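Dear colleague,

I am passing on the structure we spoke about, together with my notes on it. Please read them with the coordinates open beside you.

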Amino acid sequence: MINVVVSGCNGAMGRVLTKVIEEMEDMTVVAGIDKNTDLYKNNYPVYKSPSLVKEKCDVIIDFSGPSNISGLLEYAVNNDIAIVIATTGFSDKEEKKIKEASKFTRIFKSSNMSLGVNVLINLVKQATNTLGDIADIEIIEKHHNKKVDAPSGTAKMIAEAINKELDGSMEFSYGRNGTDAKREENEIGIHSIRGGTISGEHTVIFAGLDEIIEVKHTALSKKVFAQGSVKAAQYILNRKNGLYDMNSLINNN
């Protein structure tokens, strides 16, 4: 049995993740971490801080927020616990902390836990190799009206993958406004839409001369991200200390 602590357990994703794990035979939630400990009646204890968790666990799955990462990393390293980080919006300083902590424990980090999104990224890389020097590239991401960071971590991940294929020659433009907003040649436009209950949609547009190619992924519910994080937790348990991502899982590296 794999014992899990869910960080952000009373948030929208944390609650979906809890339900997914409850349906499994080889995994159970032994505790949760959330700033709102009494928001819901959970079947496990909920603590405000990782340092207060008493239950023994094998892996932490984090769907909380960037402000919690320092405490989670310290707890994971000190107790030799693997951690799956599904949170986005980290600063450069926080990214460095994650990389440093991966020397001492197993960390799986992805801006998007959907296997389908990572297939999209591979398709986009292929399209970039063929069209990157003859098409304008734009990314449009759509999410629900409660998402706090923009653009999404996934949109950034897609843009960085494209830029890597183009030898780092591109600049990112986050939306356009004003009377002098003409598109530059070495530019990837990234645009964010927020509304309703959109679980997540990412479209990459390659706009060339008299033709347009679009590569698109739509998540129909949050469950797809919860299922992906569970796969990540199962994958990382028996790995060596290090930093892993969806490519590691897909390629079984």
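The notes below go through the domains, the strands, the salt bridges and a few backbone details.

Please keep in mind that this is a predicted model, in which local features need pLDDT of at least 70 and side-chain atom pairs count only at pLDDT 80 or more, while totals for chains, interfaces and linings use all residues. Residues are numbered from 1 along each chain as its sequence is written, and side-chain values use heavy atoms, with hydrogens and water left out.

Domains and their interface

The domain assignment, whose bounds come from an automatic or database source, divides the protein into domain 1, made of 2-113 and 222-251, and domain 2, which covers 115-219. The C-alpha centres of these two domains lie 27 Å apart. In terms of contact (heavy atoms within 4.5 Å), 14 residues of domain 1 meet 13 residues of domain 2.

The size of an interface is often given as the accessible area lost when the parts come together. Here domain 1 and domain 2 bury about 1100 Å² between them, with 56% of it on carbon and sulfur atoms; the buried area is the accessible area (1.4 Å probe) that two parts lose on being put together, summed over both. Of the area that domain 1 buries against domain 2, S111, N112 and K222 supply 37%, which is more than any other three residues.

On the side of domain 1 that touches domain 2, helix 6 (223-236) and helix 7 (246-251) each supply at least two residues, and helix 7 gives the most, with 4 residues. Helices (H or I, at least four residues) and strands (E, at least two) are DSSP runs, numbered from the N terminus.

An open sheet of 7 strands has the order 3-2-1-4-5-6-12, with parallel pairing, where two strands pair if DSSP finds at least two bridges between them. Its edge strands are strand 3 (46-47) and strand 12 (242-244), each of which pairs on one side only. Strand 1 (residues 2-7) runs parallel to strand 2 (residues 27-33) over 6 bridges, and S7 has I33 of strand 2 as its bridge partner.

Strand 9 (residues 187-194) pairs in the parallel sense with strand 7 (residues 136-143) over 7 bridges, and E138 stands opposite G189 of strand 9. Strand 9 also pairs with strand 8 (residues 171-174), again in the parallel sense, over 4 bridges, with F172 opposite I188.

Salt bridges and backbone details

For the structure, the salt-bridge count comes to 11. One of these joins the side chains of R106 and D80 at 3.4 Å, N to O; the pair links distant parts of the chain, 26 residues apart, with R106 in strand 6 (residues 106-109) and D80 in the loop between helix 2 (69-78) and strand 5 (82-85).

Most residues other than glycine have a negative phi, and most peptide bonds are trans. D80 has a positive phi, near 55 degrees, and D167, in the loop between helix 5 and strand 8, has a positive phi of about 60 degrees. A cis peptide bond joins A150 and P151, with omega about -5 degrees, and P151 lies in the loop between strand 7 and helix 5 (153-165).

Finally, M24 is in the loop between helix 1 (12-22) and strand 2, where M24 touches V230 and Q234, leaving aside residues up to four places away in sequence.

With best wishes

Methods. Salt bridge = Lys/Arg side-chain N within 4 Å of Asp/Glu carboxyl O.
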